[in-house]
Amino acid sequence: MLSCENLSVQAGPGGPLILNQASARFLPRGLNAVIGPSGCGKTTLMKAVLGILPSTGTAYLEDEPIQRPEDLVGRVGFAPQFTTAQPQLTVAESLGYALRLTVDDRAARAERLGRVLEVTGLAEHRDKRVGSLSGGQLRRLSLGLELTLDPACMVCDEVTSGLDPHSEDQILALLRRLATERGKSFVCIIHNLAKLAQFDWITVVYQGDVAFQGSYPELLAHFGVDDGLRLYEVLNRQDLAHWRARRAERAEAEAADLAAAAANVAVAAEPEPPAPAPALPSGASQLATLLARRLRLFFRDTGYLGLTMAITFGFPLLVVIFNLTGTWDVRKVPMERSTASLEAIQQAVAVQVHNAQVANLAAGLVMFQVILLTLMGANNGGREISAERVLYEKERMTGLSPLAYALSKIGFVSLLALLQGAWMCAFVKVVCQFPGPWGEQLAVLAASCVSMSVVCLGFSALLVSPEKSSLLSIYLVGFQLPLSGVVLALPAALTWVCRPFINAYWGWSGTMKSMAGTPIWDAYTASLPDKGSYVADNETALLVLLAQGMVGAAMILVGCQQKRWS
């Protein structure tokens, strides 16, 4: 069973200790309650034991030190306060995908799905969307997601918090049945002191340390109360040093109390044997499952789907309204300046001004396309990982490969961006009649959208808050136009400092240079004040965009390897 010695957790570098040298032993094959005033460190204690939070000290499972969170896969489950299941999926789909990520054998998955639905009482709700479930049903689903691996021990963070008394009793009855019939252990962080009598072993956390462990009768005697509801009233009368000393005085009694509680736990004479540890699916199998789930969620989430469709089909319309005729009236200069009359010179100047306007319109429309594609990229990747970070961290605890998860996200946003870039290029090119090769223009515009999507996905992987990652992505888009140096000339010292990092410049330059040899390109180069201005060719632009995408992919891999619980 779980235990710990001298666990400490610090709130950031140089911050205060929120858990200070805490030691505890939890009861096997029974119901454990972890209680304490708000902010005392209850959840911190259990997250430190599970390796969710970095800590000093030692945590144990079955008296063996827990070296890394992977040691707990399939042995200890963690049910957070709020379910991590996606609202758009049904109950059966949520459990089914969890099983596909953790159980390789198809027959074993089907058998476990039926068992979990039956045990949790969710069989009649299997086809309901998660978003339509009641609070009690959501708690049952949260437990069901952990039971897919059939762990011997489960840590439940406020599994009954916010429920009505009847639903709370139903959840506790379910836990008691699993403990009795299957010999499982539960460690429940709770707030309702009126339910303490239903637990076999109680841990009181106070000011970042464990102030008491024992049975309910021993708790009443230790604190001198006749009802658990008066516990905090007495607890808050003394400081932590007092309760540490009191606990030290009863160290032997606590050990005897734990042995007695373990002997008194009611377990069926022949509890059901735990299911054999299943072989985890391969990384490729997990990748396929994650992609299938993400695509299903994409088409189920009508709000996100509608926004994506609106910008995918609406943004190209914004571009073409500036040249609905699809004509580029580039005129020839009609004379040689050395012999021309004043009237001919005036006519030539007028032609040059006209051609410059046409060329600048073309260059502006290309840049407009690219800026809109970068905005699509920010929408694709800015919240993709950070918005479901808790779900990802939970699934890592059940054996999900970080590499498979990262690749699934890169694959999804890249596919979406590729389609958006291709549609933008095709629609605008057909309507506006841009000259130049299709393949080169489609490649660089799609690459621009893919690259920005992956970079913004990198922000989403490195940041916990979806609001922060989304805002940072929007800021990056905002810098594209002024720092590209296309519309406003940058100081010479800054041009090649900024340009390698500006997606929009390379998307624009690759598209414009693909028109080389056409009247639009000739008119554009003629209008440049600096005839030696550098415009990258298509191949160079693609290489730089690929490099930017690889940087984004590296950010994603680093972010997915790190623990970033909110």
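Q: What makes strands β7 and β8 count as paired, and how do they run?
A: In this predicted model, five bridges join β7 (residues 153–157) to β8 (residues 185–189). Pairing requires at least two bridges, so β7 and β8, with five bridges, are a pair. The two strands run parallel.

Q: Which residue of β8 stands opposite Cys 156?
A: Cys 156 stands opposite Cys 188 in β8.

Q: To what order of strands do β7 and β8 belong?
A: They are part of an open sheet of six strands, in the order β6-β7-β8-β3-β9-β10. The pairing in this sheet is mixed. On average, and with direction ignored, neighbouring strands of the sheet are turned by 15 degrees against each other.

Q: Why are β6 and β10 said to stand at the edges?
A: β6 (76–79) and β10 (209–214) each have a single partner strand, so one side of each is left without a neighbour in the sheet.

Q: Which helices lie across strands of this sheet, and at what angles do they run?
A: Helix α4 lies across β6 and β7, and runs at about 155 degrees to β6. Helix α9 (residues 251–264) lies across β9 (201–206) and β10, and runs at about 140 degrees to β9.

Q: How do you know that α3 and α4 are in contact, and which residues meet?
A: Contact means heavy atoms within 4.5 Å. Val 116, Val 119 and Thr 120 in α3 meet Arg 140, Gly 144 and Leu 147 in α4. The residues of this contact divide into three nonpolar, two polar and one charged. The axes of α3 and α4 are 10 Å apart, and the helices pack at an angle of about 145 degrees. Their crossing is right-handed.

Q: Which helix gives the most to the lining of the largest cavity?
A: That helix is α2, with five residues. At least two residues of this lining come from each of α2 (91–102), α4 (135–147) and α13 (389–396). By class, the lining has seven nonpolar, six polar and four charged residues.

Q: What lines the second largest cavity, and which classes of residue are present?
A: The second largest cavity has a volume of about 90 Å³. Its lining includes Arg 112, Arg 115, Asp 150, Arg 182 and Lys 184. Asp, Lys and Arg count as charged, so these residues belong to that class. The lining as a whole divides into four nonpolar, no polar and five charged residues. Helix α3 gives the most, with four residues.

Q: What makes β1 and β2 a pair, and in which direction do they run?
A: Five bridges join β1 (residues 2–10) to β2 (residues 17–25). At least two are needed, so β1 and β2 are paired. The two strands run antiparallel, and Gln 10 stands opposite Leu 17 in β2. Their hairpin has six residues between the strands, and Gly 12 takes a positive phi near 80 degrees there.

Key. Residues numbered from 1 in each chain as written. Predicted model: local features only at pLDDT ≥ 70, side-chain atom pairs only at ≥ 80, totals over all residues. Heavy atoms only, no water. 1 Å grid on protein atoms, 1.4 Å probe; cavity = no way out; pocket = protein on both sides within 12 Å on 5 of 7 lines; lining within 4 Å. Points joined across faces, edges and corners; volume = space filled by probe spheres on them. Axes fitted to C-alpha atoms, helices over the stretch in contact; angles between N-to-C directions. Left-handed = near helix turned anticlockwise from the far one by under 90°.
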